[in-house]
Amino acid sequence: MKVSIIGVGTIGKSIAEAINKDFDVSLSSGSFEKLKAWNNKYKIFDNNIDNSEYGEIIILAIRPGIAGKILNEIKNNVKNKMVISFMAGIKIDYIKQYLTDSIIVRAMPNIPILIKKSVTAYCYDNIDNASLTNVKKILSKLGTYVEIDENYIDAVTGLSGSGPAFVSIMVDSMINAGIYLGIPKDQARELAINTFSSTLELLNKKNMSPSDLRDEVMTPGGTTVAGIYELEKGNIRTAITDAVAASYKKSKEISEKLYK
Ligand SMILES: NC(=O)c1ccc[n+]([C@@H]2O[C@H](COP(=O)([O-])OP(=O)(O)OC[C@H]3O[C@@H](n4cnc5c(N)ncnc54)[C@H](OP(=O)(O)O)[C@@H]3O)[C@@H](O)[C@H]2O)c1
C-alpha cells in the first residue's frame with residue numbers, strides 16, 4: 001500500500017524509517033535538495049500535490065503553522081483517501097474544512113518515536129474498518145498506540161507528549177543524587193537509567209500497580225520509606241500533576257490561538 005509522507009523532519013523521518021519495510025513510502029518536504037539524499041530508499045517528490053496524488057494514505061508531519069497552506073495544496077488529491085495528521089494542536093474539524101471527503105485521523109506521538117517506541121494517541125470521527133486496520137498497522141510500527149477521544153488530546157500532550165521531558169528531569173535528578181553521594185558519573189548514569197527502565201518493564205510485564213511495587217520495596221522503618229518520606233515532604237506528586245496540567249493548559253492555549 002502506498003503511503004505519502006508530507007514533511008520529513010523529526011517525526012516524518014521517523015515514520016518513514018519505521019514503515020518503509022511494510023509500505024511503499026513516498027516523501028515531499030520543504031527542501032527537495034535535502035530529500036535527494038533519500039532517493040535510493042523512497043520515492044521522492046518536489047511538491048506536495050504530486051506526492052498526495054501518489055499515496056493511498058497521506059501522512060501530515062508538517063508544523064501546525066503551515067497546515068492551512070498544505071491542506072489547500074492537497075485537497076483535490078485526497079478525496080476518499082485516509083489522511084493521518086501528526087500536527088499538534090490542529091483539530092479534526094479544522095482539517096475537514098479543507099478535506100471534505102477524506103477520512104481524517106489525528107495522532108499525537110512522543111519523542112521515543114526516534115527508536116520506534118512512541119506511545120501514540122489517536123482519534124478520528126468517522127472511519128471504516130479497513131482504514132482503522134491500516135491506521136493500527138502504521139502506528140504499531142512506531143511503537144504502541146492508544147485510541148482516545150479528541151477532547152483529551154491536549155491532556156495527552158501534557159502527559160505523554162511532554163512526558164519524556166519530565167521523566168528525563170527525574171532521571172537527571174537521580175544521576176545527580178548518585179554523584180552527590182560520591183558515585184562516579186558514568187556508574188551513576190548507568191544505575192539511574194537502568195533503575196528507571198527495569199522498574200517500568202517490571203510494572204508493564206507483571207501488570208503491577210505502582211503502589212504495589214512501592215510496597216514490595218518499602219519495609220517498615222527501612223531505608224526506602226525514609227526516602228519516600230522526603231519525596232512526599234517535597235510534594236513530588238503535586239509537582240508532577242502541576243507539570244502535566246501546565247503543559248495541558250499551554251497546549252490548549254496554543255491550539256486556540258491557531259483558530260483565531
Ligand atoms: N517533535 C516532536 O516531539 C513532536 C511530538 C508530537 C507532535 N509533533 C508534531 O509533528 C509535526 C512535525 O514535527 P517535527 O518535530 O517533525 O517538525 P520538523 O522537524 O520541523 O519537520 C517539519 C518538516 O516539514 C517540512 N516542511 C516545511 N515546509 C514544508 C512545505 N511547504 N511542504 C512540505 N513540507 C514542509 C520541513 O522541511 P524543511 O526542513 O526542508 O523545511 C520539515 O521536514 C508538527 O506538527 C508537530 O507539532 C512533534
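1. A residue is called buried if 20 or more other C-beta atoms lie within 10 Å of its own. This definition is needed for strand β4 (residues 57-60), whose two faces are both covered. Ile57 and Ile59 are buried on one side of β4, and Ile58 and Leu60 are buried on the other. In a regular strand the side chains alternate between the two faces of the sheet. The note concerns a predicted model, and each point below should be read with that in mind.

2. The overall dimensions may be stated next. The protein chain has 260 residues, of which 32% count as buried. Its secondary structure comes to 12 helices and 8 strands. Along the principal axes, the C-alpha trace spans about 70 × 40 × 35 Å. Among contacts in the chain with a separation of 6 or more, 56% are accounted for by residues 24 or more positions apart.

3. The chain is divided into two parts, domain 1 (2-151) and domain 2 (161-255). Their C-alpha centres lie 33 Å apart. In the contact, 5 residues come from domain 1 and 6 residues from domain 2. On the side of domain 1 that touches domain 2, the residues divide into 3 nonpolar, 2 polar and no charged.

4. The strands form an open sheet. Its 8 strands follow the order β3-β2-β1-β4-β5-β6-β7-β8, and the pairing is mixed. Which strands stand at the edges? They are β3 (43-44) and β8 (143-147); each has a single partner strand, so one side of each is left without a neighbour in the sheet.

5. The pairing around β4 can be followed residue by residue. Strand β1 (residues 2-6) runs parallel to β4 and is joined to it by 4 bridges. Ser4 has Ile58 as its bridge partner in β4. Strand β5 (residues 82-85) also pairs with β4 over 4 bridges, in the parallel sense. In β5, Val83 is the bridge partner of Ile58, and Ile84 is the bridge partner of Ile59.

6. Ser26 deserves a separate remark. Its place is in strand β2 (residues 24-28). Is Ser26 buried or exposed? Ser26 counts as buried because it has 22 C-beta neighbours inside 10 Å, and the cut-off is 20 or more. Leaving aside neighbours within four places in sequence, the residues in contact with Ser26 include Lys2, Ser4, Tyr42, Ile44, Phe45 and Tyr54. Ser26 and Ile6 are 20 residues apart in sequence, and their C-alpha atoms are 8.6 Å apart in space.

7. Asn80 lies in the loop between α4 and β5. Although Asn80 is not a glycine, its phi is positive, at about 60°. Asn80 is exposed, because 8 other C-beta atoms lie within 10 Å. Lys116, in the loop between β6 and β7, has a positive phi near 60° and is likewise a residue other than glycine. With 15 C-beta neighbours inside 10 Å, Lys116 counts as partly exposed.

8. Helix α7 (residues 153-161) is mostly covered. How many of its 9 residues are buried? The number is 8.

Conventions: Residues numbered from 1 in each chain as written. Predicted model: local features only at pLDDT ≥ 70, side-chain atom pairs only at ≥ 80, totals over all residues. Domains from an automatic or database assignment. Contact = placed C-beta atoms within 7 Å. Nonpolar A, V, L, I, M, F, W, Y, C, P; charged D, E, K, R; others polar. Buried ≥ 20, exposed ≤ 12 C-beta atoms within 10 Å, placed from the backbone. Pairing = 2+ DSSP bridges.
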